[in-house]
Amino acid sequence: MNLEQIPHIKHIDEDNFFLLAGPCAIESEEMALRIAEKVVNITDKLGIPYIFKGSFKKANRSRIDSFTGIGDEKALKILRKVAETFKVPTVTDIHEVSDAKLAAEYVDVLQIPAFLVRQTDLVVAAAETGKVVNLKKGQFMSPESMQHAVKKVTDSHNEQVMITDRGTMFGYQDMIVDFRGIPTMRQYAPTVLDVTHSLQQPNQSSGVTGGRPEMIETIARAGVVNHVDGLFIETHFDPANAKSDGANMLDLKHLEKLLHNLVQIRKCVKAL
């Protein structure tokens with residue numbers, strides 16, 4: 001993958017990790033613009049290449065009454081407004097083959113959710129749009145198996161592909177990051193560490209996913225030390241009242257300090 005080919009990507013000469021960050025789901029225009037403005041200001045200050053993340057819909061919910069979105073085109077138009085307002089690229093996840101063409105009209109990166117990454121038709125549909133494809137590693141998959149998902153994209157005449165590790169299932173209600181997988185997956189494509197989803201505690205009896213956000217910096221530091229190309233962090237100014245994944249998101253007020261620390265660690269690692 002060539003980061004330079006992503007529209008509006010900045011700071012690519014700073015030799016930093018790149019960042020995918022934003023809310024789990026688009027809840028409103030005001031919310032998306034508020035988060036984007038804050039993250040853009042921080043990443044500009046620290047020289048971090050930035051892609052705004054927001055799901056235009058949430059299909060992978062435990063309960064039928066869980067929040068799934070504000071309407072597909074309404075949310076996608078908000079993502080486009082974020083891109084136009086702040087001159088940053090955007091990423092959203094897709095769940096059905098028909099989503100690929102629709103979302104590609106509005107965003108720069110199409111993300112395949114972890115639980116769908118083996119769905120050949122979906123991966124190929126994303127690849128055939130010509131957009132960058134971000135493949136989330138299945139919680140049930142080995143790092144080595146991700147080479148086949150990458151090949152589905154490249155065999156579809158699209159070299160713009162990256163892998164994101166979002167943890168591996170550890171029992172029924174916990175996730176664990178096996179950092180041995182990072183150098184393995186980097187052989188196949190640039191590799192991102194999804195810090196916040198790696199700290200989920202799924203399959204709760206309440207039907208609402210739990211999480212351990214107090215461990216975000218611990219996981220993120222380990223990822224930077226182990227040479228991840230990018231970091232994925234979901235963030236919100238009011239996680240307790242977020243409509244999706246609030247239990248594992250980073251409070252936006254902590255993002256600048258976290259990224260500052262990670263940039264300093266990156267400098268130390270690069271100097272070794």
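Predicted model: local features only at pLDDT ≥ 70, side-chain atom pairs only at ≥ 80, totals over all residues.

How big is the volume of the largest cavity? About 50 Å³.

The lining includes His8, Lys10 and His11. Val40, Thr43 and Asp44 line the cavity too. So do Ile48, Pro49 and Tyr50, along with Val88 and Pro89. Which helix gives the most to that lining? Helix α1, residues 29–46, with three residues. Sort the lining by class, and you get six nonpolar, three polar and two charged residues.

Stay with one of those lining residues, His8. You will find His8 in the segment before β1, which covers 18–22. Is His8 buried, partly exposed or exposed? His8 counts as partly exposed, because its relative accessibility is 44%. Check its backbone as well. Phi of His8 is near 65°, which is a positive value in a residue other than glycine.

Where does His227 sit? In the loop between α7 (216–225) and β12 (230–236). His227 has a relative accessibility of 40%, so this residue counts as partly exposed.

Next, an open space. The second largest pocket holds about 260 Å³. Its lining has 15 residues. Which of them lie nearest the centre? Leu3, Asn16, Phe18, Asp229 and Arg266. By class, this pocket's lining has seven nonpolar, three polar and five charged residues.

On to a glycine, Gly54. Find Gly54 in the loop between β2 (50–53) and α2 (72–86). Why does Gly54 count as buried? Because its relative accessibility is 0%, and the cut-off for buried is under 20%. What does Gly54 touch? Leave aside its neighbours within four places in sequence. Then Gly54 is in contact with Pro23, Cys24 and Ile26, and also with Leu79, Val91 and Thr92. For a sense of distance, take Gln147, 93 residues along the chain from Gly54. The C-alpha atoms of these two residues are separated by 26 Å.

Now a helix, α4, residues 120–128. Which residues of α4 are buried? Leu122, Val123, Ala125, Ala126 and Ala127. Keep a general rule in mind here. An α-helix has 3.6 residues a turn, so residues three or four places apart point the same way. Back to our helix. After α4 comes Gly130, with a positive phi near 85°.

Last stop, Asp251. Asp251 belongs to strand β13, residues 250–251. This aspartate is buried, yet has no salt bridge. How far away is the nearest side chain of opposite charge? That side chain is Lys253, at 4.3 Å. What is Asp251 in contact with, beyond neighbours within four places in sequence? Thr235, His236, Phe237 and Pro239.

That is the tour. Go back to your screens and find each place again.

How values were computed:
Residues numbered from 1 in each chain as written. Heavy atoms only, no water. Helix = DSSP H or I, 4+ residues; strand = E, 2+ residues; numbered from the N terminus. Buried < 20%, exposed > 50% of the residue type's maximum accessible area, 1.4 Å probe, protein only. Lys, Arg positive; Asp, Glu negative; His and termini not counted. Salt bridge = Lys/Arg side-chain N within 4 Å of Asp/Glu carboxyl O. Contact = heavy atoms within 4.5 Å. 1 Å grid on protein atoms, 1.4 Å probe; cavity = no way out; pocket = protein on both sides within 12 Å on 5 of 7 lines; lining within 4 Å. Points joined across faces, edges and corners; volume = space filled by probe spheres on them. Nonpolar A, V, L, I, M, F, W, Y, C, P; charged D, E, K, R; others polar.
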